[in-house]
Amino acid sequence: AILTLTNARKELGTSTIERHISKALSISDSKVTAMLEDDNSATIILYPEDENDASPPIDAELMAAQINAIIRSGDASEWANLDSTCEPADDEEEVSIEEEDAYELWHNIPDEERTLHLDEIPNPDGVMILPSHCSSSVVTEINTTVMSPCEAQMKRDPSLVTFDNVDRVDVADIHTLSWDKPVIIANAVPKTTCSKKILDRDRLQDMYGDVQVRTGNRETLIDNGFTNSKPMSLSDALLSSKNGTTNTECGTIVFSPVKELPNDLITELSPLMKAFPCEDEAAPIVKKFTLTIASEGFGIGMHKHKAAMFMLLVGKKKWYMTASDDLKGVVDTHPGFYQELSSHKCIQQAGEALFVPNDWYHEIFNLEYTLGIQALPE
């Protein structure tokens, strides 16, 4: 739903307005986007809590009425003026913005406001922390002495580099799959598809180092990662993953939509995107692709979304996965998710594609420097 709030308190900034509106409507902060307009109004976009295709549309008139009632009661004085009014947008086409404009809005968000709306989440040892771009390291009970990220994770998961219970199927046999559980598709990347030289870290830095990419860490990318991410040059992101001077478990992750990358790089990645296995040849799904690059340590923390496929091109990853129903009623998910709370675990090798079913929780640990492409339904 798209709403227009007149006479908004623009001096508060978009993040503060988003927080207050989400609280007023009892919805998650990440499901509200505010855009300030030149005429002192604000465009408010509300997203469904459940973004599955079957989700009912949000009633814009009902949401506007609730906001107006709060304004009239005086309870909105912290974020709206007494003469402010809220109403459904006259025409969604009038307030929709081009992708380039949306990218510019994201790029210009002050760093201190990128994660203010996020709630506390458990760190790898279950300690509740606020996601932040300010700190690139995680202080845990385990990592009290200098050790590598893998050594620290092996304290939580002794089978880190050995246990793997996910089925592997050759790409030629995917027609036999039911797609209701995780599966690794072997030989997913034909050796003739592209040269590994184009994925070399030093080459990427030399050729595309000045390119601005979206970055985050284990915590900041869990909820609405594209929005919460922070712009950084690819060169700085790669140097961060290469040097690892802080020996952190939760370092910088590149998480950039491929369509935002330079045309030359898109052209080089195009054969890989075309090589993604298709779940249904008769009705292929249009997919959006994201380039991910990370150093040894945690990838994105435990999260879930629509069915996805991840093609690993460089390195090795440990995956932890379980169906949503398996975690119903579970409050303390970490560090148990690395052992008994995840039903499926695997070690993904370069050249393999991993399928994660719809609504399955998953978390990633990079056993070494990794580069890959994620595919989600468009």
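The largest cavity is lined by 21 residues. Among these, Ile300, Phe310, Trp319, Ile364 and Gln374 lie nearest its centre. Its volume is about 210 Å³. A cavity here is a set of points, on a 1 Å grid over the protein atoms alone, where a 1.4 Å probe fits but cannot get out; lining residues have an atom within 4 Å of a point. Grid points are joined across faces, edges and corners, and the volume is the space filled by probe spheres set on the points. The count comes to one cavity of 30 Å³ or more. Seven strands are named in the lining: β11 (253-257), β12, β14, β15, β17 (353-356), β18 (360-366) and β19 each supply at least two residues.

The model is predicted; local features need pLDDT of at least 70, side-chain atom pairs count only at pLDDT 80 or more, and totals for chains, interfaces and linings use all residues. Residues are numbered from 1 along each chain as its sequence is written, and side-chain values use heavy atoms, with hydrogens and water left out.

The protein chain has nine helices and 19 strands. Helices (H or I, at least four residues) and strands (E, at least two) are DSSP runs, numbered from the N terminus. Of the 378 residues of the chain, 49% count as buried. Buried means under 20% relative accessible area, exposed over 50%, and partly exposed in between, with a 1.4 Å probe and protein chains only. Contacts are heavy atoms within 4.5 Å. Among contacts with a separation of 6 or more, 75% join residues 24 or more positions apart.

Helix α9 covers residues 263-274. Its 12 residues should span 16 Å at 1.5 Å a residue, and its end C-alpha atoms are 16 Å apart, which agrees. The expected span is 1.5 Å times one less than the number of residues. In α9, Leu265, Glu268, Leu269, Leu272 and Met273 are buried. They cover an arc of only 150° around the axis, so they sit on the same side of α9. The arc is that of the directions from the helix axis to the C-beta atoms. An α-helix has 3.6 residues a turn, so residues three or four places apart point the same way. The face turned away from the buried side of α9 carries the exposed residues Asn263, Asp264, Thr267 and Lys274. The buried residues of α9 pack against α6 (201-208), β12 (287-294), β14 (308-314) and β19 (370-377).

Helix α5 also has a buried side. Its buried residues are Pro149, Cys150, Ala152, Gln153 and Arg156. They cover an arc of only 160° around the axis, which puts them on the same side of α5. These buried residues pack against β13 (297-298), β15 and β18.

Thr292 lies in strand β12. It is buried, with a relative accessible area of 9%. Residues up to four places away in sequence aside, Thr292 touches Val254, Phe255, Phe310, Thr370, Leu371 and Gly372. Pro131 lies in the loop between β6 (128-129) and α5 (149-156). Pro131 is buried too, with a relative accessible area of 6%. Pro131 and Thr115 are 16 residues apart in sequence, and their C-alpha atoms are 6.5 Å apart in space. Beyond its neighbours within four places in sequence, Pro131 is in contact with Thr115, Leu118, Asp119, Ile121, Glu219 and Thr220.

Backbone geometry was examined next. Most residues other than glycine have a negative phi, and most peptide bonds are trans. Asn7 is not a glycine, yet has a positive phi of about 50°. Asn7 is placed in the loop between β1 (2-5) and α1 (14-25). At 27% relative accessibility, Asn7 is partly exposed. Asn40 has a positive phi of about 70°, although it is not a glycine. Its place is in the loop between β2 (32-36) and β3 (42-46). Asn40 is partly exposed, with a relative accessible area of 41%. The peptide bond from His334 to Pro335 is cis, with omega near 5°. Pro335 lies in the loop between β15 (316-323) and β16 (344-349).

Cysteines were considered last. A disulfide is a pair of cysteine sulfur atoms within 2.5 Å. By this rule the count is zero. Cys86 is buried, at 5% relative accessibility. Cys346 is buried as well, with a relative accessible area of 0%.

Technical notes. On a 1 Å grid over the protein atoms alone, a cavity is a set of points where a 1.4 Å probe fits but cannot get out, and a pocket is an open set with protein on both sides within 12 Å along at least five of seven lines; lining residues have an atom within 4 Å of a point.
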